[in-house]
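Have the viewer open and follow along.

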Amino acid sequence: MPNPFKPTAGARPPLLIGRQQVLDEFGTALEDGPGAPGRLSLLTGARGVGKTVLLTEMGESARARGWVVVDETVTPGLLGRLVDAAAAAVASLDTTPHGGRRVSGLTVAGVGGVVFEAAPRQDRPGLQVALEQLLDALEAHGVGLLVTVDEVHRKGMPELRQLAAVHQHLVRRDRDVALALAGLPSAVDALLGDDVLTFLRRAERVTLADLPLPAVRQSLGQTFDGSGRGIRPEALDAATAATGGYPFMVQLVGYHVWRAAHEGVVDLAAAATGVAAARVRLGSTVHEANLNALSAVDRTYLVAMAQDEGASRTVEVARRLDRDMRYQSVYRDRLIAAGIIRPAGHGLVEFAVPYLGEYLREHAARYEMQDRGGSRG
């Protein structure tokens, strides 16, 4: 059998762990009609906690109710792509041939979604007009529209402002529409702090965190058993503990342990080999990306934290940096907002991603060499 685990950004895992309550509440919001609070959702959390996967599952929930779903990412041209998607969906719902458009298929009840073919349009309407036209057509079928937007960030703020303004207008008119956005904590905080986007502060904010280890153990065990490759209890315990409850690591560990076993039942040796490979892969795909996106001073703060095996005392971090507590708190807050570290009690912080401390201890000299000769704040 092919490897059942999916350690790729945004890929749907074989089993979704710990997110069912969020999906249930979102489904209820779709059924409760216009104005339900869950129809405007903001998903946030550190890299690798499953924001994109949850957006995908929310889209599937809407499609199962017959809704049309448009999935987008914050890149240049976002609004134009939304307009084109809306126009194409209208074309598929319109059974009268005109304007060079024709129907090639429509599915509403039960499975949802549309299949369309549309000739290019020379004159593109504005986003509000395009969505109003689509909602007019959809509501005639008794369904609505969900727009999901991933990778929210500051550079996309101008287009996000326009999208949010249009969504707010549609909500005021009781249109059957829902909007779900996802981004890192710092990006979502910037979105909520924008003077133009104040109504987003009333959105349902879902902060995704680590998964409970008992649920991880159950999921890993079911996936191995379901793939025809069982796993011994001691190997399952080792694999579960190695994930730290971090969703991306669950897939990484599962993938590499499955490979290490080759065939038959997974034993402790295969689990140890797979966990080691998963940790290397986590460093190259997550830790490097996180660290490269930070300033030199941010990285220095993390290297100071990495001297501790567990949580770090902020007063000790300040001492290691040879700075006062006010200086320390600026970078502490920045790193918390970026989802790299998190509070661990009064005056304590810890890494938010498993094995980051170990990775920094192994590569501290490399980052110190990179940052030597000056730093950017």
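A residue counts as buried under 20% relative accessible area, as exposed over 50%, and as partly exposed in between. Keep in mind that this is a predicted model. Glu151 has a relative accessible area of 47%, so this residue is partly exposed.

Now look at the backbone. Most residues other than glycine have a negative phi. Glu151 is not a glycine, yet its phi is positive, near 60 degrees. You will find Glu151 in strand S5, which covers residues 145-152.

## Asp322: a positive phi in a loop

Asp322 is another non-glycine residue with a positive phi, here about 60 degrees. Asp322 sits in the loop that lies between helix H12 (314-321) and helix H13 (325-337). Is Asp322 buried or exposed? Its relative accessibility is 69%, so Asp322 counts as exposed.

## Helices H1 and H2

Next, turn to helix H1 (residues 20-32) and helix H2 (residues 51-64), whose axes come within 10 Å and cross at roughly 40 degrees. Because of that angle, H1 is oblique to H2. The crossing of H1 past H2 is right-handed.

Which residues make the contact? H1 contributes Val22, Leu23, Phe26, Gly27 and Leu30, while H2 brings in Leu54, Glu57, Met58, Ser61 and Ala62. Sorted by class, this contact of H1 with H2 holds 7 nonpolar, 2 polar and 1 charged residues.

Technical notes:
Residues are numbered from 1 along each chain as its sequence is written. This is a predicted model: local features need pLDDT of at least 70, side-chain atom pairs count only at pLDDT 80 or more; totals for chains, interfaces and linings use all residues. Side-chain values use heavy atoms; hydrogens and water are left out. Axes are lines fitted to C-alpha atoms, for helices over the stretch in contact, and angles run from 0 to 180 degrees between N-to-C directions. Helices (H or I, at least four residues) and strands (E, at least two) are DSSP runs, numbered from the N terminus. Angles under 35 degrees count as roughly parallel, over 145 as roughly antiparallel, 65 to 115 as roughly perpendicular and the rest as oblique. A crossing is left-handed if the near helix is turned anticlockwise from the far one by less than a right angle, and right-handed if clockwise. Contact means heavy atoms within 4.5 Å. Ala, Val, Leu, Ile, Met, Phe, Trp, Tyr, Cys and Pro count as nonpolar, Asp, Glu, Lys and Arg as charged, and the others, Gly among them, as polar. Buried means under 20% relative accessible area, exposed over 50%, partly exposed in between (1.4 Å probe, protein chains only).
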